[in-house]
Structure formats: C-alpha cells, structure tokens
Amino acid sequence: MSKKLVKTVFIRTIPIMTGYVVLGIGFGVLLQKAGYGWVWALIMGLTMYSGTMQYVGVDLLGSGASVITTAIMALVVNARYIFYGIPMIERYKNSGWKKPWLIFGLTDENFALLCSTEAPEGSSDHLYCLLVTIFDHCYWMIGCVLGVLLGSAMKFNTAGIEFVMTALFITVFVDQWRETKNHLPALSGIAVTLICLLIFGKGNFLIPSMVLIVAVLALGKRFMKGDTEATGGSDIEAELIRDEEDMMP
C-alpha cells in the first residue's frame, strides 16, 4: 500500500469527512439524550452504518419497537442501496476478501465518490475502493462518538436537532431537481407520500409510502423505457434511472 494512494484517498474523502462528522455528532447527541453512552454510539456506527436508520433507531429504542417492526423499517429505509449496488457489481467483481466490506460500506456519499473517481495510476482499484470505504466509515464512527461526548459535556436544548437529516435530504432533493429535466420521479414520490399520509396518518405512513414509491418508480421506469425505445432516444432512460436513485430516501 503506497503513501500516494493513502494520501489521494484522504484528500478525496475530506468533503465526506466534514459531512459525516457533523451528521454523526447530531446522531450522537440525540443518542446521549436518550440515555445511551458512547459505546452504544460506536457499536451502532460500526454495525449499522446508516445515518438515516440510526436517527430513526433512536426513536425505535425509546419507543420499545418490536424486532419485526425494526427489521421492516431498516429494510425499507435502506432499500435505495439496491439501486446503488447494481452499478458496482462489475467494479467489485473478483475483489476477494474485500468484497463483504465493500458491499457493507456502500453509502450514498461513498457511491457518489467511487462513481466519479478512479484509483491513481499504478494502484489497485479494489484496494482504492476499500480504502475509501474504510476512511468514510471511520469518519462516521468518530462523529457518532464525538456527539455523545459533546452531549454529555455540554448542556443545551437539543429540540429540533433531529431535523439535520431532513435538511440534508431536502438539500439533495433541491439540487437534483435543478440539475435534471425529468421531474416525474420526484413528483411521484411527493404525491405518493402525501396520499399515504392522508390515508394512514403520520404514525403509519412511512412503510406504505416507501413500498408504493418503489412500485411506482419501477412501473414508471418500464413505461419510460418503452417510450424511449419507440423514440430511439437513450438519454431520457439514463436520466430517469439517475432520478430514481436520487429519490430513494
């Protein structure tokens, strides 16, 4: 393992580090206020490694949710990684012992970085992907532990701090809306969510809306694909796939 490779990975992951540490601190503070120490933050960051699910997990721990409810929630919340994983199948091929960690550590930011960069010349691509994954994972765990330590050392009103994840997804949503021309996936997600909210109520709408969003996007993709083949264009299909990935919460 060369110093050049490690340096390159560190420099490229600095933006992810700043985001992960801040978001991790938010989670750690909430976890500490719920009565859990830094060991719990470290374990959750190490084994779950899902910002959204960990924020949701604080409420699940406090409400005494059943194992089945927690499992379904985790599956639905993290369903977007199905779309992230498919493009990485070929790149992770023949990665040997590295593959399980590469698969486990595939997050939104990790996926974006790996899709937009390549290993430095002369370096193993699988090792490059692994180092990016390890660095990002460490950033997240550091943020989670720091949040618990800061929450126990500083006394302040934490009301609304859980909105940090919502703010992140709103920012991503607005950015993707501005960059893409096809807004059908975004509008579909908003419409399905509002309908489920009205039908099931604010306490039960999440799982039905997630399931229906996946179904609508799958059907929409098939419809748009057929329409694209009829017109002979491929750009629309590619854009729809990108939008579909970006709209998975």
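How much accessible surface does the chain have, and what share of that surface belongs to carbon and sulfur atoms? The accessible surface comes to about 13,900 Å², and 69% of this belongs to carbon and sulfur atoms; areas were computed by the Shrake-Rupley method with a 1.4 Å probe. The model is predicted, so that local features need pLDDT of at least 70 and side-chain atom pairs count only at pLDDT 80 or more, whereas totals for chains, interfaces and linings use all residues. Residues are numbered from 1 along each chain as its sequence is written, and side-chain values use heavy atoms, with hydrogens and water left out.

The chain contains 12 helices and 0 strands, assigned as DSSP runs (helices, H or I, at least four residues; strands, E, at least two) and numbered from the N terminus. Of its 249 residues, 39% are buried, that is, under 20% relative accessible area with a 1.4 Å probe, protein chains only. Contacts (heavy atoms within 4.5 Å) between residues at least 6 apart in sequence join residues at least 24 apart in 74% of cases.

Helix H1 (residues 3-33) bends by about 50 degrees at Ile 14, with Pro 15 following within four residues; the bend is the angle between axes fitted to the seven residues ending there and the seven starting there. After H1 comes Gly 35, with a positive phi near 105 degrees.

Leaving aside residues up to four places away in sequence, Val 9 touches Tyr 128, Leu 131, Val 132 and Phe 135.

How values were computed:
Buried < 20%, exposed > 50% of the residue type's maximum accessible area, 1.4 Å probe, protein only.
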